[in-house]
Amino acid sequence: MYGMLYESVAFFVQKEYGQEVWKQVCHIVDCKYSSFKTHQIYPDKLMPDFAAALAACTGETFDFFMNFFGKCFVRFFSNFGYDKMIRSTGRYYCDFLQSIDNIHLQMRFTYPKMKSPSMQLTHMDNDGAVIVYRSGRTGMSKYLIGQMTEIAKEFYGLDIKAYVLESQNDIAGGTAGPIKLSDTPLTVIVKYRLDFDNREYMAKRVNYVAHPSQQSLPAINMGVFLELFPFTIVLDHDMCITHAGEKIVETWILHNPGKNPKTFIGSHVMDLFECRRPKGTKIEWETMLQMRTVLFEFELLRTGRNKAAYNAAMNMDFENFDEMEFSEGNTALQKAHEEDDDDEIDIATGERKESQSVKSILLKGQMFYMKDLDSLIFLCSPLIENLDELHGIGLYINDLNPHGLSRELVMAGWQHCSKLEMMFEKEEMRSDELEKSLDLADSWKKQGDELLYSMIPRPIAERMRNGEEATCQTFDEVSVIFIEVMNVYDGDANNREDAMMAVTTLNKVFTAIDEEIISPFVYKVETVGMVYMAVSGAPDINPLHAEHACDLALRLTKKVKALQIPDLSIRVGINSGPVVAGVVGLKVPRYCLFGDTVNTASRMESTSEPFKIHLSFDTAKKVREVGYRVESRGHVKVKGKGEMETFWLIAAPKD
């Protein structure tokens with residue numbers, strides 16, 4: 001399905017049920033698409049999957065949401081101006097029902113890979129109408145009801161009731177296609193009854209009185225009619241061809257070398273053509289009478305295309321074709337037909353060229369019932385896009401219908417072809433530039449996120465992005481670590497080289513420490529001068545904060561020693577207790593910790609010794625209980641605290 005259908009679903013689900021519900025639905029169906037592009041094709045199964053997920057989240061039924069999705073699409077496509085197309089189909093709702101297939105045909109120019117269903121209006125009365133839906137996609141019958149009811153309400157002011165009368169091969173909850181129990185392709189066929197007030201339309205339609213002059217028109221001359229419409233086919237009640245325009249017969253001969261042209265007249269129409277649209281339609285008299293407003297698309301069946309065989313056929317007398325088995329003409333025709341197996345004659349140059357796949361001629365038109373002839377007339381024109389395609393199917397400009405704009409459209413298409421190609425090339429270049437810009441924007445966003453998360457913890461940053469103002473938190477217990485790098489720089493030195501060496505050394509040490517920070521167990525708070533500050537237990541609550549802080553300290557002492565920087569050492573202090581944390585500042589916001597626990601941890605570091613880990617009583621008690629080896633230092637005088645019993649951390653528990 002094209003992305004526009006899923007765009008409508010995503011937009012209105014978020015509008016009606018909220019963004020959180022839509023995120024939950026996408027998570028349930030494991031949807032990997034963060035957004036949908038209008039002209040991109042996505043898996044069909046997403047539609048019923050979304051409906052099933054919404055049903056599970058909200059308690060509504062699956063059918064309810066398929067119906068809702070159909071209504072969403074009608075509300076959404078007005079943004080693209082398609083509502084104007086529907087409003088222009090006619091004054092009444094039945095006019096729209098008769099034009100659905102024609103609308104789909106027009107949409108194929110914008111959405112060439114669209115697998116649109118076929119819908120025909122088969123019955124009308126004062127109380128409503130009956131339509132028949134045909135498709136190769138299952139599970140969409142309730143979706144269609146949503147579309148039909150919403151269009152009636154929005155564009156025609158009608159409150160209609162739609163329900164299924166008959167259904168074949170439709171499987172609820174899936175869009176993969178009907179299950180095939182045989183080699184014959186199956187088609188989903190659903191007959192709907194639409195109940196609405198249709199009296200005004202029926203009155204206009206049934207009680208229309210023709211002008212008397214129209215009732216006294218003479219019978220039409222079929223020869224003149226076929227001359228005006230050279231691609232016309234006249235069909236009897238058995239759907240056999242009784243008359244045909246000259247050009248369509250010539251085209252059939254060209255594409256079917258070796259066959260008797262006399263067999264064209266009298267053949268069943270399905271022996272010579274394939275009905276491309278509407279799909280799955282039985283070409284029968286009664287069916288065609290009900291589908292007079294539908295645009296049909298027939299493809300001419302072909303066995304090959306050979307100019308020599310065509311010329312031989314046109315020069316022969318087929319009056320006694322069956323008795324000409326050994327005649328010279330028939331031998332020439334057969335020889336030309338055999339040559340067609342390998343090579344073809346280029347009808348534009350007359351030169352032989354290698355055989356290649358040539359697009360068959362497509363005829364598009366409507367079926368009309370002629371009362372005087374008691375016959376159906378397929379009044380059609382060939383579908384031609386440009387001059388190359390015209391030559392490819394063996395036709396010329398003068399072969400096209402003299403009426404209408406067939407010739408002008410082909411010529412205009414050729415004249416504007418180069419201009420369109422240039423426009424497409426420019427659009428492709430713009431598209432490439434846009435993709436590069438989007439990739440660059442994504443790269444910048446990632447860099448910005450990394451910078452933000454280096455200043456503010458990810459959980460806090462996400463809450464701030466969501467508009468939450470409360471960024472201040474209280475933590476009952478964390479472990480704060482201070483690490484000071486010793487003997488890096490003499491503050492009284494005036495030598496620039498010494499200062500630069502100090503910066504390089506400090507960067508090397510701090511980088512080594514950064515590599516040992518394992519989120520979310522330990523979070524780096526900040527560095528001030530020679531001091532590195534970290535915390536375990538905030539912003540992510542961690543009951544093992546003391547153990548993780550001590551593990552970090554033990555790893556760091558070994559790692560800094562391994563750097564083997566002359567005279568350099570570190571001292572570490574750790575304390576556990578409650579803190580208050582929050583984001584401070586606007587220009588360069590920082591995540592900061594406040595409280596006596598932080599001050600005590602700083603005092604543990606300042607009273608520590610090189611390559612030793614100084615623990616407060618609270619921290620030592622916690623880690624000693626789980627097997628860490630600690631050694632009492634005794635009582636130490638701590639500024640602002642007086643005498644405090646502290647400990648040295650010796651080693652981690654043995655495995």
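Student: Which residue forms a salt bridge with Arg 555?
Tutor: Glu 516 does, with the closest N and O atoms 2.8 Å apart. A salt bridge here is a side-chain nitrogen of Lys or Arg within 4 Å of a carboxyl oxygen of Asp or Glu. This is a predicted model, so local features need pLDDT of at least 70, side-chain atom pairs count only at pLDDT 80 or more, and totals for chains, interfaces and linings use all residues. Residues are numbered from 1 along each chain as its sequence is written, and side-chain values use heavy atoms, leaving out hydrogens and water.

Student: What parts does the Arg 555 and Glu 516 pair tie together?
Tutor: Arg 555 is in helix 21 and Glu 516 in helix 20 (residues 496–516), so the pair ties together parts 39 residues apart in sequence. Helices (H or I, at least four residues) and strands (E, at least two) are DSSP runs, numbered from the N terminus.

Student: Is Glu 516 buried or exposed?
Tutor: Buried, with a relative accessible area of 17%. Arg 555 counts as partly exposed, at 29%. The cut-offs: buried is under 20% relative accessible area, exposed is over 50%, and partly exposed is in between (1.4 Å probe, protein chains only).

Student: Which residue does Lys 559 form a salt bridge with?
Tutor: Glu 516, with the closest N and O atoms 3.1 Å apart. Lys 559 lies in helix 21 and Glu 516 in helix 20, so this pair ties together parts 43 residues apart in sequence. Lys 559 is partly exposed at 23% relative accessibility. Glu 515, Glu 516, Arg 555 and Lys 559 are linked in a network of salt bridges.

Student: How many salt bridges does the structure hold?
Tutor: It holds 18. One of them joins Glu 609 to Arg 633, with the closest N and O atoms 3.7 Å apart. Glu 609 lies in the loop between helix 22 and strand 18, and Arg 633 in strand 19 (residues 629–638), so the pair ties together parts 24 residues apart in sequence. Glu 609 is partly exposed at 32%, and Arg 633 is partly exposed at 27%.

Student: Which residues does a cis peptide bond join?
Tutor: Ala 538 and Pro 539, with omega about -5 degrees. Pro 539 lies in the loop between strand 15 (531–536) and helix 21 (545–563).

Student: New topic. How many residues has the largest nonpolar core?
Tutor: It has 69 residues. Those with the most contacts inside it are Met 47, Phe 50, Phe 69, Tyr 93, Phe 96 and Leu 97. The largest share, nine residues, comes from helix 4 (residues 62–77). Domain 1 (1–80) and domain 2 (83–177 + 184–206) each give this core at least three residues. Those bounds come from an automatic or database domain assignment. A nonpolar core is a set of buried Ala, Val, Leu, Ile, Met, Phe, Trp, Tyr and Cys residues joined through side-chain atoms within 4.5 Å.

Student: What is Phe 96 in contact with, leaving aside neighbours within four places in sequence?
Tutor: Ile 86, Thr 89, Ile 103, Met 148, Ile 151 and Tyr 156. Contact means heavy atoms within 4.5 Å.

Student: What lies apart from this core?
Tutor: Another core, of 34 residues, including Ile 481, Val 488, Val 522 and Leu 556.

Student: Which strand is Ala 581 found in?
Tutor: Strand 16 (residues 569–584). Ala 581 counts as buried, at 1% relative accessibility. Ala 581 and Gln 473 are 108 residues apart in sequence, but 5.3 Å apart in space, C-alpha to C-alpha. Val 584 also lies in strand 16, and counts as partly exposed at 41%.
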